[in-house]
Amino acid sequence: EEPQLLQQQEEEQSQSVSLQDCLKLLKGERDEQRLAGLLLVTKFCKSDDLVSLRAIYDAVGPHFLDRLLRTGLGKGVVSSGSGENRDAYLQLSVTVLSAFCRVSEIASSKEMVSKVPMIFEVMSMKSGMPVLEECYEFLYLVSTASEDGLTALEVIVCELAAGSHLMELAMKLVQLMLKKLSQGIVENDHLSELSVIVTKIARQFALLQNALKFEALHLLSAIFSSEYSTLLHDALRVIQNENWSNHMRDGVATILQNRVAPAEKFEALILAESMVSIKGEGWLIGQINLPNVQDPIPADRCLLLVLESSRVEVAVLLNELAYSKYEASKSSSSTAETIISKQQKVTIVFSLVEKIIKLISNIGETEGHHLDENTFIKAINGLNETIGVVLEYLQDAKEHGQKVGNDLLASVRLVGSYLAEAPVACEDKITELLGYMLSVEGEHESSPFYSVCFLLPMLCQKTMKIEGCKLLASSGGYKAVVDCLMKLIEQNRNGVENNGCIFLACDAIMNLLKMEQMTFSEDESTFISLLKALALWTEKTNDPSVVMMASSICTLIFDMTSENALLNHPSLSSSCLNSLSRLIARSLASWGQDMSDAAKADMDLLEIVTAGYSRWADRFPQIQKAVER
């Protein structure tokens, strides 16, 4: 141990002497002295000795380092050698620059960021030389050092777009640096710079027709799958130039229409989902321009490619999910992770399919977007197949007694989105599964709520016919709709407005009460709870639509009971009946020649209340008294 200690002391003493000699040379007046000092740096200064590196950098100064780099590039001359030893100067310059950048304060300086274009120039000139490794080290250290790092990264990508043959390595460097910078991008508000980087890479993604196209795909996919992707969407929406979004469509279409690995097809779907989120569903329809392809490509090609690829992914993922959940060995430690991973992928393809449903349903109303009949039929067939697969997944879950899961809730949402536009689709399967779908819960729900909300548009349409009412009544699904309405009313009273869902739930319940011959005794507690919720909802509102909707439902419930029956129920108080009496009186008071425009808009509801009151008024003396007051 003693000889080793003596050796270490000698090395430290030698290094101290060398540092002092080096600093003297670096502070010399002649370039020859400074060059000699930098050569000493490369021989004795260790990469982790940040204190010495800082002292050396301060001694030599950024101006001489800049002149040395320019001389190596043939753009300037240091006084020694008149540019005769350019390669040596270049090697020395890049070596010391990358060493100095190990000190974060130096790496983050404007002087270092300003050298990024010149370092890229070195890389383009010296492909395959040892200096390249130090160039990449410099770029990495500068780009990850500070908030100015992303500016350097943007410069790198601009060089990328110039067609450098180092593009592949540069893309990998960008990906590596983005991982390092991920938190700082949001904290330092660098999303605008990142959005510019995305547009530059998008161009390469469209134009490249070699292996580098996949590097661009991987990089874009990583960016749009990152934790800051939502904020990035906002930054990309304000970019005026539309070329980048066209480039993205070109690249996605090329990947999806060729035989590529499933993982790469899924990455293309990630890009498609992000683009639709940023630009709207119309992005799926647009002119596609591919290199070396002369014949025009139909504008709907991307739409059909995305739909078909999504349909395949849905089938594969749901099949694998079902196997992992119900068939795979319970002792498998990877099962839980596998399920979570596949559920995340399902979320992406479900989102795409749902947006395609929205596009197809609004195609006639969307300016500038048209589909011919053949494409429309292909899209509908693709959607029918996809929804059929999702319904089979739900059937499988029902048979295994599974009602809780975000994947199940997402499946109900997708089915609800489609049936809202095509309520007669998959009728046999819907008849079989309606009660189950209304019972599905998300992982953090204590009872079904969102599943019912997702199905309300379809239920409103189905209950317009007697068959739909019978289905909702026989499945017991009406109880779920009533529970959902009561929760929505409670949210509304707490300041969370969701009138769209509230009125949909009211419409479905009212359709059921009008058409289905139900009796109050069948589920007395459900109707009592609903009456109490409606009384609370309308007590402090002046909205005529709310008053008329609530009083219409109360009117139809009153058809099935009497005032004495209600007062004898332990959970309904006399004050609640007073509130209901005032509600009916308010709605009937709007009848007459001086009706407001709002009352005229709700004329059909007013007719329900008026007709109902004439049927049951004698059974409700308290309400009759309030009306006549």
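This is a predicted model: local features need pLDDT of at least 70, side-chain atom pairs count only at pLDDT 80 or more; totals for chains, interfaces and linings use all residues.

1. Let me begin at a local spot. Cysteine 426 belongs to the loop that joins α19 (406–421) to α20 (427–437). Its backbone deserves a look too: phi of cysteine 426 is near 50°, which is a positive value in a residue other than glycine.

2. Now the overall picture. The protein chain has 31 helices and 0 strands. Of its 629 residues, 52% are buried. The chain exposes about 29300 Å², and carbon and sulfur atoms supply 49% of that area. If we take the contacts in the chain with a separation of 6 or more, 73% of them are between residues 24 or more positions apart.

3. Which residues is isoleucine 56 in contact with, once its neighbours within four places in sequence are left aside? They are Leu19, Cys22, Leu23, Leu26, Val41, Cys45 and Phe100. One of these, cysteine 22, is 34 residues away along the chain, yet the C-alpha atoms of cysteine 22 and isoleucine 56 are separated by 7.8 Å.

4. On to helix packing. Two packed helices are described by the angle between their axes and the distance between the axes. For helix α11 (residues 191–207) and helix α14 (residues 243–256), the angle is about 40° and the axes are 8 Å apart. α11 and α14 are therefore oblique to each other, and the crossing of α11 past α14 is left-handed.

5. Who takes part in that contact? From α11 come Val198, Thr199, Ala202, Arg203, Phe205 and Ala206, and they meet Trp244, His247, Met248, Asp250, Gly251, Val252 and Ile255 from α14. Sorted by class, the residues of the contact of α11 with α14 are 8 nonpolar, 3 polar and 2 charged.

6. Asparagine 243 is worth a separate word. This residue is placed in helix α14. Is asparagine 243 buried, partly exposed or exposed? With a relative accessible area of 42%, asparagine 243 is partly exposed. Asparagine 243 and threonine 199 are 44 residues apart in sequence, and from C-alpha to C-alpha they are 8.4 Å apart in space. Thr199 has already come up as one of the α11 residues that meet α14.

7. Helix α14 has another partner to check. The axes of α14 and helix α16 (residues 301–327) come within 10 Å, and they cross at roughly 50°. That angle makes α14 oblique to α16, and α14 passes α16 in a left-handed crossing. On the α14 side the contact is made by Arg249, Val252, Ala253 and Leu256, and on the α16 side by Cys302, Leu305, Val306 and Ser309. The classes here are 6 nonpolar, 1 polar and 1 charged.

Terms used:
Residues are numbered from 1 along each chain as its sequence is written. Side-chain values use heavy atoms; hydrogens and water are left out. Helices (H or I, at least four residues) and strands (E, at least two) are DSSP runs, numbered from the N terminus. Buried means under 20% relative accessible area, exposed over 50%, partly exposed in between (1.4 Å probe, protein chains only). Contact means heavy atoms within 4.5 Å. Accessible areas come from the Shrake-Rupley method with a 1.4 Å probe; for residues, only the protein chains shown count as cover. Axes are lines fitted to C-alpha atoms, for helices over the stretch in contact, and angles run from 0 to 180 degrees between N-to-C directions. Angles under 35 degrees count as roughly parallel, over 145 as roughly antiparallel, 65 to 115 as roughly perpendicular and the rest as oblique. A crossing is left-handed if the near helix is turned anticlockwise from the far one by less than a right angle, and right-handed if clockwise. Ala, Val, Leu, Ile, Met, Phe, Trp, Tyr, Cys and Pro count as nonpolar, Asp, Glu, Lys and Arg as charged, and the others, Gly among them, as polar.
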